[in-house]
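Reader: I would like to learn how to read a helix, a sheet and an interface from a model. Please show me the structure and take the features one at a time.

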Amino acid sequence: MTASPSHLDLLEAESIHIFREAAAQFRKPVLMYSIGKDSTVLLHLARKAFHPQKLPFPLLHVDTTWKFRDMIKFRDQQAKELDLDLIVHTNEDGIKRGINPIDHAPSIHTDVLKTQALKQALDKYGFDAAFGGARRDEEASRAKERVFSFRASGHRWDPRRQRPEMWNLLNGRLGTGETVRVFPMSNWTEKDVWRYILREKLDVVPLYFAAERRTIVRNGQILMQDDERLQPRPGEKVETRRIRFRTLGCYPLTAAVESDADTIEAVVAETINAQTSERQGRLIDHDQAGAMEKKKQEGYF
Amino acid sequence: MSIHALKTNPGLQTPARTQDVPNLVRELGGITHLLTCGSVDDGKSTLIGRLLWDASDLYEDQRENVRRSGRKAAGTDLPDFSMLLDGLVAEREQGITIDIAWKYFDTDTRRFVIIDSPGHEQYTRNMASGASHADVAIVLIDARSGVKKQTKRHTAILDLVGVKHVILAVNKMDLVGWSEDVFRKIEDDFRTLCWKFNFWDSTAIPLSAVFGDNVSAPSTNMNWYSGSTLIQHLEKVPSRVNEAGSVFRFPVQMVLRDGQDFRGLAGTVASGTVRVGDTVTDALSNASGKVVRIATFDRDLQSASAGEAVSLQLDVDIDVSRGAVLSAPEMRPVAAQTLEARFVWLSEDAFSPTAGYLVRTATDLIPVSNIEIKALLDLETMASRPARACSANDIAIAKISLGRAAAIDVFSETPETGQLLLVDSVSGATVAGGIATSVDAKAETPSEGHFVLKRDMLANGLNRDLSMNSKDREEFMRRANEVAIILRSAGVSVAIEPPPPLDDGLDPGL
């Protein structure tokens, strides 16, 4: 590092500091790994924080069974290459009940297969701290999020329990029944994430790059037909388009953008010159007013 | 810096290709954390909105929202820039006790982080909490009313938590006829006010947030003013990390091992610089060692300075773990047993003389054996008056006896290791944030009922499953802390005898 560190150097150092503070203070942490670009950076920062030691905690992926196939492939490759301790959890009860993002409202799908599933997994393994890649710049309701975000028992987010954070002192002493979500990338922006991926030459899921893919346009949004479960409705048809994704989630809930950006450099260039903020492509956020706020209260991040 | 003129209407741009962005991994020259203080009436939202509009990399959909809304700034035909903060304003209804909203924008050279703390009645604790993160603060006032009591409170809080650069933004100059006399009078009052504080730089700028005068573009209405615009000034302000002191401080966060011969003391350099070959000391144990490696994931470094997260490998395995603060042997922090501190009381729960509290330093958590409120500070006059109690929003002067020694500096000399939190030992809540004003290595004379948790007492029963290697030593200390907390909540004043010396012969990791 030079005499005057760049903003990425500073953000990286801050994230490493947060990882170490959390690992030292909590009994049983876990890293919530969602396979996307933010998780990729989060994981890389964690590896930097504890080098040369192996990660002192496992990764948890909550699999709704509706993720893009390329995501699952990438997840398993990463786990193998980086020698990660990966836990995959699915809400089997929700699957048995037939909950899915095509027939049910996005909010129900998310609640059952994501929020409930996450709570199940955290309880099952008794994790007291969960690292996440959330950023304050993502959305107004996250602009006030703490680095250590406390959850009462039942994973409820209670505004009055949130602790003031002064200087860079991170108080991780838990009250009875409390757990904590830790956000080492709180101060990163979407642009930083891409710049950092480019700088550190990190692999990301190929879905971020433009390619010819089978698509269906629904409610003005371009969806990708990742498997046979998503079928065109009357008046819709399957067409091949050159698309890529700015965020990744459950494929029937993730809108694509038409793009020619097929290299990491082109994606970064497109992001830096972007005219719209990234969450426009995430359908769950538009499902109901204050959606994010509500999901947070319920325990979805 | 890109200035976005109001009248231009850039249509949808064609998607960018690589060649359009010559420097893709644009790493900005640093990060400046900016706190804005002032009330809505002073035009705070409008000023921040104007900064974002004029100088930042807003998304086009955000700009379009402002243009399309048709909302006008009061009494003008200009867009209402405060809309850019609407998302944050709406979120104010969540009922978070202390809420700070963070907003990010880039100019061509720097990342700016706007720390927005609301200006309602819970002002002191909100502002203190926000200001603790700030490199520079904008104190916003209305040119028509000048320096007010509130301005005094603001500057006092900024000084208390260690802000070194203050900008007085004299807003609404249009409403005083762009008068130089009005501005100079306010500027003089502000200078006088700042004399009693420890700011390194305090600058007054006449501006109009609504019309944009001296925000990013020099004003044509105030030719008598030749100083910087607000943005020019902000881009020059150094951040805390660049201005950290020269005294080396390295709070140890944890010990990292590779299963072979590497034992790295992991942490972030809090201030100063460490170089390979330097001798470093732990003030608590007096142990010293020579730095043989400064390791990171990417490469080994020859030196590391404030803000860098590294791990230090020493030539000898000294008895050091989380909570220690490494320093140069001749410039060490005090192994403090007692300290005086100024605290901003953050909790809804008032101070209780019988509650169990812990002091949180950079990486240590120490049980308090006794805490006494001495006085409360009046932020308008800076005078203190004797008191025994304090509650939310008070600034208290307190005397604390620690259950065991901890490495602490006086905040005004080495801020990074003189910052403290007071933690409720039962709920874990952060009840106060403070700064050490004096530290003493001498313990208070034990008062009646003062109880010493002896090493043997702890080792024989409670800790008999622990060996004396460094990992178990941390667990030993953790258990001792918890016992002290329980006794303390039963009303017993407690001191902990230090654990036995390190015997790492059994440690398989070495």
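Reader: Which residues of H6(A) are buried?

Author: Note that this is a predicted model. An α-helix has 3.6 residues a turn, so residues three or four places apart point the same way. In H6(A), the buried residues are A:Glu190, A:Asp192, A:Val193, A:Trp194, A:Arg195, A:Tyr196 and A:Ile197. H6(A) is largely enclosed by the rest of the structure, because seven of its 10 residues are buried.

Reader: What do the buried residues of H6(A) pack against?

Author: Their packing partners are H1, H2 and H7 of chain A. Just after H6(A), A:Lys201 has a positive phi of about 55°.

Reader: How do I read the contact between the chains, and how many residues of chain A take part?

Author: The size of an interface is often given as the accessible area lost when the parts come together. Here there is a residue count: 57 residues of chain A are in contact with 64 residues of chain B. On the chain A side, H1 (7-25), H2 (37-50), H6 (190-199) and H7 (264-272) each supply at least two residues. H1(A) gives the most, with 10 residues. By type, that side of chain A divides into 24 nonpolar, 17 polar and 16 charged residues.

Reader: In what order do the four strands of the open sheet in chain A lie?

Author: The order is E8-E7-E9-E10, with antiparallel pairing. E8 (221-224) and E10 (257-258) of chain A are the edge strands, each pairing on one side only. Strand E7 (residues 211-218) of chain A is joined to E8(A) by four bridges. A:Val217 stands opposite A:Ile222 in E8(A).

Notes. Residues are numbered from 1 along each chain as its sequence is written. Chains are lettered from A and ligands numbered from 1 in the order in which they are written. This is a predicted model: local features need pLDDT of at least 70, side-chain atom pairs count only at pLDDT 80 or more; totals for chains, interfaces and linings use all residues. Two residues are in contact if their C-beta atoms, placed from the backbone, lie within 7 Å. Ala, Val, Leu, Ile, Met, Phe, Trp, Tyr, Cys and Pro count as nonpolar, Asp, Glu, Lys and Arg as charged, and the others, Gly among them, as polar. Two strands pair if DSSP finds at least two bridges between them. A residue is buried if 20 or more other C-beta atoms lie within 10 Å of its own, exposed if 12 or fewer, and partly exposed in between; C-beta atoms are placed from the backbone.
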